[in-house]
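I set out to look up selected features of one chain and to record each in turn.

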Amino acid sequence: MTDDLVAALRPLLTAEASAEAHACGAEAGDLEQAVWLRLLERLDSDGPPADPPGWLRRAVRSEARRSRRTTRRERPYENEPADDGVHGPEDLALAAARHRALRDAVRRLPGRCPRLVEALLSPNDLTYREIAGELGISQGSLGPERSRCLGCLRRLLTPEVAARSARG
């Protein structure tokens with residue numbers, strides 16, 4: 001019974017929700033979902049409506065009115081954006097500390113790794129060809145060398161990160 005009712009009402013609900021959605025500022029899918037929920041609640045408590053198509057039209061219009069009322073009451077943040085791009089002194093201090101810890105760890109890397117990682121972190125955004133030329137190694141060996149150096153860097157930073165979070 002319920003499956004037949006849903007199958008019979010689906011095209012009508014899609015059409016009604018699409019027609020009402022633009023005027024109320026909602027998505028058609030949101031209206032459909034709200035009406036399906038209403039129908040399921042009604043089926044659970046009162047059984048199927050006597051006039052399913054009429055009930056569905058009234059339910060869609062009711063949900064559209066509710067959506068319009070909600071939209072009118074909602075106001076965007078004017079003075080309090082979620083992220084205004086300006087960071088406070090604490091954020092700046094923490095970012096500087098993380099940057100120093102990274103640079104210190106890079107300097108402690110073995111062999112050519114400090115120069116390689118510095119080249120990767122360069123604000124000049126060097127290509128692999130430019131980095132290989134600067135370090136005097138072949139471009140083909142740069143990938144494996146980079147992986148080895150980043151693995152070493154990860155091992156160096158892991159104890160520091162773990163120790164910092166423990167102080168918390």
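Predicted model: local features only at pLDDT ≥ 70, side-chain atom pairs only at ≥ 80, totals over all residues.

**Entry 1: the disulfide.** I searched the whole structure for disulfides and found 1. The bond joins C113 to C149, with an S to S distance of 2.0 Å. I then looked up where the two partners lie: C113 is in helix α5 (residues 113–120) and C149 is in helix α7. They are 36 residues apart, and the pair thus links distant parts of the chain. For the handedness of the link between C113 and C149, I read -80° about the S-S bond, which is left-handed. Both C113 and C149 are buried.

**Entry 2: other cysteines.** I asked how far the sulfur of C152 is from the closest cysteine sulfur. The closest one belongs to C113, at 5.3 Å, and this is too far for a bond, because a disulfide requires sulfur atoms within 2.5 Å. C152 has a relative accessibility of 14% and therefore counts as buried, the cut-off being under 20%. I also checked C24: its relative accessible area is 3%, so C24 is buried.

**Entry 3: helices α1 and α3.** I next examined how helix α1 (residues 2–24) packs with helix α3 (residues 52–73). The angle is about 30° and the axes are 9 Å apart. The two helices, α1 and α3, are therefore roughly parallel to each other, since angles under 35 degrees count as such. The crossing of α1 past α3 is right-handed. From α1, I listed L5, L9, L12, L13, E16, A17, E20, A23 and C24 as making the contact. From α3, the contributors are P52, P53, L56, R57, V60, R61, A64, S67, R68 and T71. I sorted the residues in the contact of α1 with α3 by class and recorded 12 nonpolar, 2 polar and 5 charged.

**Entry 4: L157.** Where does L157 sit? I located L157 in helix α7 (residues 139–167). Which residues does L157 contact, leaving aside its neighbours within four places in sequence? I found A101, L102 and A105. I also took the separation of the C-alpha atoms of L157 and D104, which is 9.8 Å; along the chain, L157 and D104 are 53 residues apart.

Note on methods
Residues numbered from 1 in each chain as written. Heavy atoms only, no water. Helix = DSSP H or I, 4+ residues; strand = E, 2+ residues; numbered from the N terminus. Contact = heavy atoms within 4.5 Å. Axes fitted to C-alpha atoms, helices over the stretch in contact; angles between N-to-C directions. Parallel < 35°, antiparallel > 145°, perpendicular 65-115°, else oblique. Left-handed = near helix turned anticlockwise from the far one by under 90°. Nonpolar A, V, L, I, M, F, W, Y, C, P; charged D, E, K, R; others polar. Buried < 20%, exposed > 50% of the residue type's maximum accessible area, 1.4 Å probe, protein only.
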